[in-house]
Amino acid sequence: MILSHPGNDNFLCELSRKHIQYHKASDTYISLLESKKDSISHFALLSKNSAGLTHNKYVPMPVLVKNAIFLKIDSDKNLYLLKKENQSIVQKINTTENVVWSNNIHPLKVFSVSENSPEEFLIIGKNNNDSTYFRKVLRPDGSLISDLTQIYLPKRKFKKIVNSGNTIVALDTFTQTLIFSENSKFKEKQFPNLLKINDIEVLENGNILAGGYFKGEIQIGQKAHYSPNFNNAILLTYDKAGNFLFSQSVTKQRDEFVEGVESNGNAEVAYFGSYEDVLYRDQTH
């Protein structure tokens, strides 16, 4: 059942944004929202237009989706969920809301799930028993295969860890730094002052996109960003070696506390937080 709430601002105000996912088959974005009153979850199907992203359809989530922290919808409209309860569980749910498979990733604390191929996912996490980081490949049948490549990272409380080729990139939101790790060596990059970076994403070309927000006037490389009255969205791009490449900001007359970003490849980025919106990137970076 699909519920439509055109222009219902009260309905939107009751929801908090949890995740946004690009859906290639329909060239649009799907947002995961949660009711602030009763924690009931909803899909929001977002349409792109000259104003950015607008909500045009809402789909109630099955009860099985409660506590989902990762969401993907494949071309057959199956759901792939990472549920973080007492332990991390990956599930595939079909269109009739039945669980196709469910896999417990104990004792792995999951930091990110990304597509390893059209049918496989790459899971990066930390072993809670000995605090080592490692990767696992999730197969289409729900089985997990360990990747023996060792991950070298300092002992931190990372919010997200992603993989770009042979490089592991970790986001520490407490110290506002990025860690680039390859071949047992790592490089640390500090974000400029006045920025609050909350998410990282691997672009199609292998570069790393960092998304967050800022307020005030800042200089990043040769480019100045100015938002005197509101917290506005900002994106930074790095290559896999940790070299800063490019920055881009959005100035709007509203506070946008950006919590996450999602790219459709290289050219377009959607972000979510207080609002959802989409912007177009300089594709040379």
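Author: Start with strand β15, residues 177-182, which pairs with β16 in the antiparallel sense over six bridges. Strands here are DSSP runs of E, at least two residues long, numbered from the N terminus; helices are runs of H or I of at least four. Two strands pair if DSSP finds at least two bridges between them. Within this pairing, Ile179 has Glu188 in β16 as its bridge partner.

A word on the source: this is a predicted model, so local features need pLDDT of at least 70 and side-chain atom pairs count only at pLDDT 80 or more, while totals for chains, interfaces and linings use all residues. Residues are numbered from 1 along each chain as its sequence is written, and side-chain values use heavy atoms, with hydrogens and water left out.

Now the sheet. Strands of a sheet pair through backbone hydrogen bonds, either parallel or antiparallel. Here four strands form an open sheet, in the order β13-β14-β15-β16, with antiparallel pairing. The edges are β13 (160-164) and β16 (185-190); each has a single partner strand, so one side of each lacks a neighbour in the sheet. From one strand to the next, the twist averages 20 degrees. Such angles run from 0 to 180 degrees between N-to-C directions, with axes fitted to C-alpha atoms, for helices over the stretch in contact.

Next, two residues of β15. Thr177 is in this strand. Its relative accessibility is 1%, so Thr177 counts as buried. Buried means under 20% relative accessible area, exposed over 50%, and partly exposed in between, using a 1.4 Å probe and protein chains only. Leaving out residues up to four places away in sequence, Thr177 touches several others, including Arg156, Glu188 and Phe191. Contact means heavy atoms within 4.5 Å.

Phe180 is buried too, at 4% relative accessible area. The structure holds five aromatic pairs. Rings of Phe, Tyr and Trp (its six-membered ring) pair if their centres lie within 6.5 Å; planes under 30 degrees apart are stacked, over 60 edge-to-face, and the rest tilted. Phe180 and Tyr238 have ring centres 6.0 Å apart and planes at 50 degrees, so this pair is tilted. It links distant parts of the chain, 58 residues apart: Phe180 is in β15 and Tyr238 in β19 (residues 223-238). Tyr238 is buried at 3%. Tyr238 also pairs edge-to-face with Phe244, at 5.8 Å centre to centre and 70 degrees between planes. Phe244, at 30%, is partly exposed. Phe180, Phe191, Tyr238 and Phe244 form one aromatic cluster.

Finally, the core. A nonpolar core is a set of buried Ala, Val, Leu, Ile, Met, Phe, Trp, Tyr and Cys residues joined through side-chain atoms within 4.5 Å. The largest has 17 residues, and Leu178, Phe191, Leu195, Ile200 and Leu236 touch the most other members. Strand β15 is among the elements that give two or more residues to this core. The most come from β18, with five residues.
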